[in-house]
Amino acid sequence: PPMPTLLAEAGDGYVRLMWDDVAEQGIDPVTSKNDFEGYRIYRSTDPFFLDPKVISNARGTGPIGHGRPIAQFDLKNAIKGFSKQTVEGVAYFLGDDSGITHTWVDSTVANGQLYYYAITAYDHGSDSLEFYPSENAITISRTPRGGTILPQNTVEVRPNIKVLGYTPATASSLVRRSGIGTGTIEMKVVN
């Protein structure tokens with residue numbers, strides 16, 4: 001699927017991630033179908049995402065894919081569990097019909113620690129064509145002087161307490177009422 005763009009807000013003991021929905025609109029160039037299935041979030045303290053690489057092949061050697069995600073969200077469409085297709089004995093976990101979201105908060109972080117997050121979109125593959133599910137890459141690179149180049153689906157954040165005098169954002173009276181109707185509107189400032 002097309003690669004989502006990830007944004008982050010770091011706070012006191014949390015990191016809030018937000019991403020767009022461009023991956024949900026993608027068409028597979030081989031099947032000419034929209035086979036988007038979900039998102040996976042990876043967290044690492046290493047810029048090359050070595051921390052989550054704990055999944056090995058059926059012989060117990062070599063990391064497979066990006067490893068174990070810290071969070072996963074997939075469509076509620078009865079496509080769940082493990083893929084029928086395998087690579088070196090490893091099936092792809094398609095999710096458990098949890099539903100799609102575009103924000104997620106990690107409250108298991110330590111203030112002052114530098115974290116790298118990546119979001120990947122994945123599809124469900126094709127059983128009839130025997131295609132293993134596809135997932136976006138995490139391609140971080142380093143400059144000759146030691147800088148880090150992050151792709152659009154990756155962020156670098158350091159949670160910490162807010163500065164003295166910080167005032168959080170608020171929203172008020174952004175809804176215009178006219179005509180007849182009933183309903184409830186809830187506004188939540190995310191970032």
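How many bridges pair strand 1 and strand 2, and in which sense? Notes below, with the answer in point 2.

1. Ground rules. This is a predicted model, so local features need pLDDT of at least 70 and side-chain atom pairs count only at pLDDT 80 or more, while totals for chains, interfaces and linings use all residues. Residues are numbered from 1 along each chain as its sequence is written, and side-chain values use heavy atoms, with hydrogens and water left out.

2. Strand 1 and strand 2 (residues 14–19) pair over six bridges, in the antiparallel sense. (Strands are DSSP runs of E, at least two residues, numbered from the N terminus; two of them pair if DSSP finds at least two bridges between them.) Within that pairing, Leu 7 sits opposite Met 18 of strand 2. The open sheet has three strands in the order 1-2-7, with antiparallel pairing. Strand 1 (6–11) and strand 7 (103–106) are the edges; each has a single partner strand, so one side of each lacks a neighbour in the sheet. On average, neighbouring strands here are turned by 20° against each other, direction ignored, taking axes as lines fitted to C-alpha atoms (angles in general run from 0 to 180 degrees between N-to-C directions).

3. Strand 4. Strand 3 (residues 36–44) and strand 4 run antiparallel and are joined by four bridges. Arg 40 has Gln 72 in strand 4 as its bridge partner. Gln 72 and Asp 74 are buried on one side of strand 4, Ala 71 and Phe 73 on the other, so both faces are covered (buried means under 20% relative accessible area, exposed over 50%, partly exposed in between, with a 1.4 Å probe and protein chains only).

4. Two positive phi values. Most residues other than glycine have a negative phi. Ala 78, in the loop between strand 4 (71–74) and strand 5 (82–87), has phi near 70°. Asp 97, in the loop between strand 6 (90–93) and strand 7, has a positive phi of about 60°. Ala 78 is exposed at 65% relative accessibility, whereas Asp 97 is buried at 19%.

5. Cores. A nonpolar core is a set of buried Ala, Val, Leu, Ile, Met, Phe, Trp, Tyr and Cys residues joined through side-chain atoms within 4.5 Å. The largest has 18 residues, and Leu 6, Leu 17, Trp 19, Tyr 39, Ile 41, Trp 104 and Tyr 117 touch the most other members. Strand 8 gives the largest share of this core, four residues. Another core, of six residues, lies apart from it and includes Tyr 116, Ala 118, Ile 138 and Ile 140.
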